[in-house]
Amino acid sequence: MADEKTLPHSSGPAGGWGSLKGIARIFGETWAGPQTLATLGKLNKPKGVMCVSCAWPKPANYSAFEFCENGAKATLWEMTSARCTPEFWDEDGHSVTALRSWRDHDLEKTGRLTHPLRYDPATDRYRPVGWDKAFAEIGAELRKVQPDEAVFYASGHAGLEASYLYALLARAFGTNNLPQSSNMCHETTSVGLTKVIGSPVGTIVWDDLRQADAFFFFGQNPGTNSPRFLHPLKEAKDRGAKIVTFNPVIEQGLVSFVDPQSPAAMLTGKATVISDQYHQVRAGGDIAALLGMCKCVVEADDAEKAAGKAEVIDHGFVAQHTTGFDVFIGACRGADWADITHESGLDEAAIRAAAEVYMKAERVIGVYGMGLTQHAHGALNIAMLVNLLLLRGNIGRAGAGCCPVRGHSNVQGQRTVGIAEKVHLVPVDKLKALFGVETPAKDGFNIVEAVEGLFADKVRAFVCLGGNLLRAVPDQERMEKAWAAQDLTVMVSTKLNRSHLFPGKVAYILPCLGRMEADEQAGGRQTVTSEDSFSMINGSIGNRKPPSDMLKSELAIVAGIAKTALAPNPKLTWDAWTGDYGLVRDLIEKTYPDDFRDYNKRMYDAGGFYRGNAAHERVWKTESGKAVFTTPDEANAIGFADAPGRYRLVTLRSNDQFNTTIYGYSDRFRGIEGTRDVLLMNPDDIAEAALVDGQTVRLITDVDDGQHRALGGLKLTAYKLPRGTVASYYPECNVLVPIGHHDQLSKTPASKSIPVRIEADREAKGA
């Protein structure tokens with residue numbers, strides 16, 4: 001094994017001066033203007049602006065600066081002084097085809113879009129168009145296709161008001177084809193958690209963070225994806241709580257943290273050690289690791305009962321609230337340690353040490369991210385974590401519960417108000433009573449099904465409420481061809497991105513307001529609302545001057561399309577709703593009265609208002625009416641067999657990106673600068689494969705489905721990873737993900753365990 005000191009991983013803490021330097025660099029690139037500090041000062045506060053980055057909750061007792069590095073970068077990126085005007089398309093080298101050679105970062109650096117645009121195939125460029133003309137043609141093109149040939153996608157950014165109307169538009173049009181960005185990340189949570197505890201979302205609230213004795217992290221990276229989480233983790237460590245982490249990759253936010261809001265910490269550089277134990281599990285090995293911990297708990301309980309001592313398992317809770325317990329503990333007793341250690345990549349002592357922390361803690365929170373959800377058996381990953389929590393009653397009481405950490409700012413909320421492809425999630429009777437809209441009886445497409453529909457020429461029109469879908473989905477090369485073959489593509493966007501560069505036969509880019517900007521309508525300045533990962537609803541009011549007078553709000557764009565695409569209906573009062581978003585919130589309250597009681601009155605409550613969660617109260621909305629112990633029928637989550645020369649590829653995000661948005665090329669936590677074209681690999685694996693650290697390689701997807709998928713030009717980089725696990729960046733690696741490689745229940749793409757082979761890239765320069 002190579003000397004770990006020579007590997008590129010950064011030993012520096014998360015937060016601290018590195019965080020401030022990262023923010024300063026983005027400010028220097030964007031020149032967001034003198035109002036920046038005032039806007040940042042209002043982030044995540046009552047009657048302020050809710051961050052456009054992740055969905056981490058907003059505390060009721062907020063600090064002076066209630067934002068993190070990633071949130072500040074997202075804010076600055078949106079507030080840039082750069083403008084992508086219609087004149088951009090007149091410049092040499094700015095045809096749509098030529099722009100395909102640009103990097104994602106450079107496309108977005110052109111700045112905020114200022115005018116609605118229509119693709120002109122004769123010149124291969126976008127040209128400005130008036131809003132009325134755009135809406136009229138979009139409506140006419142939609143009416144040419146059958147309802148199920150159209151897809152209405154939402155990225156997870158738009159507020160609850162626009163999202164509610166967007167779902168209404170789709171159903172009034174005649175389809176449930178309402179996929180959403182959660183299909184690509186946390187749909188496994190929605191499906192997996194619902195199956196075992198009856199809730200599609202996490203069960204904890206903010207106060208639980210303050211009372212937990214231990215946190216167990218699985219496949220989640222707060223340092224990059226939710227840095228504000230590091231503050232309550234530091235507070236937890238200060239009071240003596242334990243943190244145990246399972247992750248194939250060492251993520252610096254779970255190693256150490258310097259609080260940028262603490263003058264003493266900044267002056268001294270004193271870091272808080274976050275994880276008491278850090279276990280580098282194999283990609284897809286969490287099922288085995290969790291089974292091993294559960295086995296330890298069962299063994300300890302058996303021993304204590306045999307000795308006449310206090311029980312370790314909460315048998316009273318188990319008897320009253322769960323089903324499937326006896327079969328599950330039988331599987332735990334019968335599990336073989338040799339199998340557990342092989343599949344997890346961890347030794348028995350490490351798993352026992354983690355279990356010891358779990359058994360000593362009275363209140364435990366289980367935290368996870370896409371490291372659990374994006375596998376072929378991701379739902380089983382989640383069920384195994386729930387098994388561990390249920391053994392000691394760690395769901396539905398103070399300081400304990402399940403905490404999936406969501407990515408986009410309103411990705412959870414959009415599902416709450418109806419952006420869902422499954423009919424059983426839709427309040428069909430309410431929509432009929434309120435609007436006379438007959439919801440189609442059959443389920444619509446999720447993202448995987450929509451992409452498959454494109455490949456099969458069954459989808460002819462795609463409307464995207466935000467996002468960069470072509471860059472976010474699997475099978476990118478096939479997707480680009482299929483996308484451009486459509487009759488209509490409509491993208492509601494703030495900046496130029498790669499999805500715009502493969503226009504359909506009729507293609508529009510519709511520029512929208514950002515959340516920071518004043519949304520002035522007939523009824524005055526409007527508020528939008530969003531839901532965070534703890535099921536809290538918050539109001540958000542922008543105050544910045546929009547970058548162009550030609551921009552419309554997301555809600556106004558939805559209404560504009562609806563008025564031309566749908567037959568007249570006196571109950572669908574799009575103009576009135578556009579003029580006053582409070583009317584839309586009244587409709588949401590009527591549609592979902594239990595979740596949105598006194599909606600307009602409570603939306604500025606400090607920390608938001610809680611819409612409730614039955615599992616938090618130990619009410620289990622499962623088929624049995626109880627929480628479910630799941631006996632694993634798979635040894636790992638990857639969905640394919642190991643073979644000589646086959647590796648498990650994990651896709652990563654750097655601390656210089658948010659989803660498909662690339663802010664820059666500095667991944668300081670991993671010690672990688674100036675590039676994203678790297679493949680991280682265990683030094684012993686490099687030697688065994690007769691490769692050389694630093695050489696240029698290519699990845700080949702090792703799936704026999706008749707498709708060739710490859711990604712070349714990657715610099716092989718020795719890195720501290722488990723044997724057999726390699727890692728590279730998302731979204732670049734999406735070209736390697738087959739559309740059929742997904743979680744078995746939710747169809748979430750399995751981007752954390754892609755079967756690949758590695759070969760020298762002989763096409764690269766110098767190879």
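Helices here are DSSP runs of H or I with at least four residues, strands are DSSP runs of E with at least two, and both are numbered from the N terminus. A word on the source: this is a predicted model, where local features need pLDDT of at least 70, side-chain atom pairs count only at pLDDT 80 or more, and totals for chains, interfaces and linings use all residues. Residues are numbered from 1 along each chain as its sequence is written, and side-chain values use heavy atoms, with hydrogens and water left out.

I'll take the pockets to begin with. On a 1 Å grid over the protein atoms alone, a pocket is an open set of points with protein on both sides within 12 Å along at least five of seven lines, a cavity is a set where a 1.4 Å probe fits but cannot get out, and lining residues have an atom within 4 Å of a point. Points are joined across faces, edges and corners, and a volume is the space filled by probe spheres set on them.

The largest pocket holds about 1000 Å³. It has 27 lining residues, and the closest to the centre are Thr194, Gly198, Pro200, Leu425 and Arg611. Helices α8 (187-197) and α20 (411-416) each supply at least two lining residues, and α8 gives the most, with 4. For classes, Ala, Val, Leu, Ile, Met, Phe, Trp, Tyr, Cys and Pro count as nonpolar, Asp, Glu, Lys and Arg as charged, and the others, Gly among them, as polar. On that basis the lining of the largest pocket has 10 nonpolar, 9 polar and 8 charged residues.

The second largest pocket holds about 630 Å³. Of its 26 lining residues, Asp104, Arg471, Asp677, Leu711 and Glu732 lie nearest the centre. Which element gives the largest share of this lining? Strand β31 does, with 5 residues. The lining divides into 8 nonpolar, 8 polar and 10 charged residues.

Next, the cavities. There are 8 of 30 Å³ or more in the structure. The second largest cavity holds about 210 Å³, and Gly514, Arg515, Asp519, Val528 and Glu554 are the nearest to its centre among 19 lining residues. Helices α7 (160-173) and α25 (554-565) are the elements that give two or more residues to that lining.

Last, a sheet. Strands count as paired if DSSP finds at least two bridges between them. Three strands form an open sheet of mixed pairing, in the order β1-β9-β10. The edge strands, β1 (14-15) and β10 (272-273), each pair on one side only. β1 runs parallel to β9 (residues 256-258), joined by 2 bridges, and Ala14 stands opposite Phe257 in β9.
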